[in-house]
Structures are given as structure tokens and as C-alpha cells.
Amino acid sequence: QVQLVESGGGLVQVGGSLRLSCAASGLTFGRYDMGWYRQAPGKGREVVATISPGGGARYYADSVKGRFTISRDNTKNTVYLQMNGLKPEDTAIYFCNAQGIYGSKSNYWGQGTQVTVSS
């Protein structure tokens, strides 16, 4: 059974930092693109950042470029999102995603972790 478990969310002031973690189990981690998505109240889910299986390719949404950094540790089956310079508009539930790149290209989601940026 595949599980993606996010942690590290919380309440932070404007300009502060948080580091989200997503621990994956039940899948061959190195065969998956990993990503962070977010959903703010009343809005749709949007991509924040993604990283290729080997970590060599990364994508960032324009809204977070220069502030957020995605990374992964394939020895720990974990993907991270370092968030600096947080803004109120970063307030959302953050979801971890695993997208298979081989075979059936399975897709999995975590349960989400709340990030709230107070002004």
C-alpha cells in the first residue's frame, strides 16, 4: 500500500520559513517524479514545484521562484520543500504527489499539511 505522509506545516509570520517533508512508502521511490501542490480556500489545486527521480530537473511555479526549494533524498524516500520569505498568499493546504514515469504511470497523493502565513 502506497503512503505519502507530509509533515512540517504550521503557522508562521510573514517573511518566515518552513520546511515541509513527505515520506513515501510502498513504492519504488526512484521511479517517481515528486511534487508539491497546494490548495487555498475557495481555489483549485495548483502545482508549486516538482523534481525528477534523480533530482536533476526541477520545476517551480512563478509565484514561488527564488523563495522555495524542492529537494529529495532517495536513500530516505523523502521529498522536501524549503519555503522562505513566506507571504500571506502562500497560505494553503500543501499536498505531496508521486507520479510514476514508467509502466502504468501511477499517481498518488498525500493527505496534505496546512501552512498558514499570518500578517
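Reader: Hi! Which residue does Asp90 form a salt bridge with, and how far apart are the closest N and O atoms?
Author: Hello! In this predicted model, Asp90 forms a salt bridge with Arg67, and their closest N and O atoms are 2.7 Å apart.

Reader: Nice. Where in the chain do those two sit?
Author: They link distant parts of the chain, 23 residues apart. Asp90 is in the loop between S8 and S9, while Arg67 is in the loop between strand S6 (58-60) and strand S7 (68-73).

Reader: And are Asp90 and Arg67 buried or exposed?
Author: Both Asp90 and Arg67 are buried.

Reader: OK, what about Arg38, which side chain does that one meet in a salt bridge?
Author: Asp90 again: the side chains of Arg38 and Asp90 meet at 2.9 Å, N to O. This pair also links distant parts of the chain, with Arg38 in strand S4 (residues 32-39) and Asp90 in the loop between strand S8 (78-83) and strand S9 (92-100), 52 residues apart. Arg38 is buried, as is Asp90.

Reader: So which residues are linked in the network of salt bridges?
Author: Arg38, Glu46, Arg67 and Asp90 are linked in that network.

Reader: Changing topic: how many salt bridges does the structure hold?
Author: The structure holds four. One of them joins Asp62 and Lys65, where the closest N and O atoms are 3.1 Å apart.

Reader: Why does Asp62 count as exposed?
Author: Because its relative accessibility is 65%, and exposed means over 50%.

Technical notes: Residues are numbered from 1 along each chain as its sequence is written. This is a predicted model: local features need pLDDT of at least 70, side-chain atom pairs count only at pLDDT 80 or more; totals for chains, interfaces and linings use all residues. Side-chain values use heavy atoms; hydrogens and water are left out. Helices (H or I, at least four residues) and strands (E, at least two) are DSSP runs, numbered from the N terminus. Buried means under 20% relative accessible area, exposed over 50%, partly exposed in between (1.4 Å probe, protein chains only).
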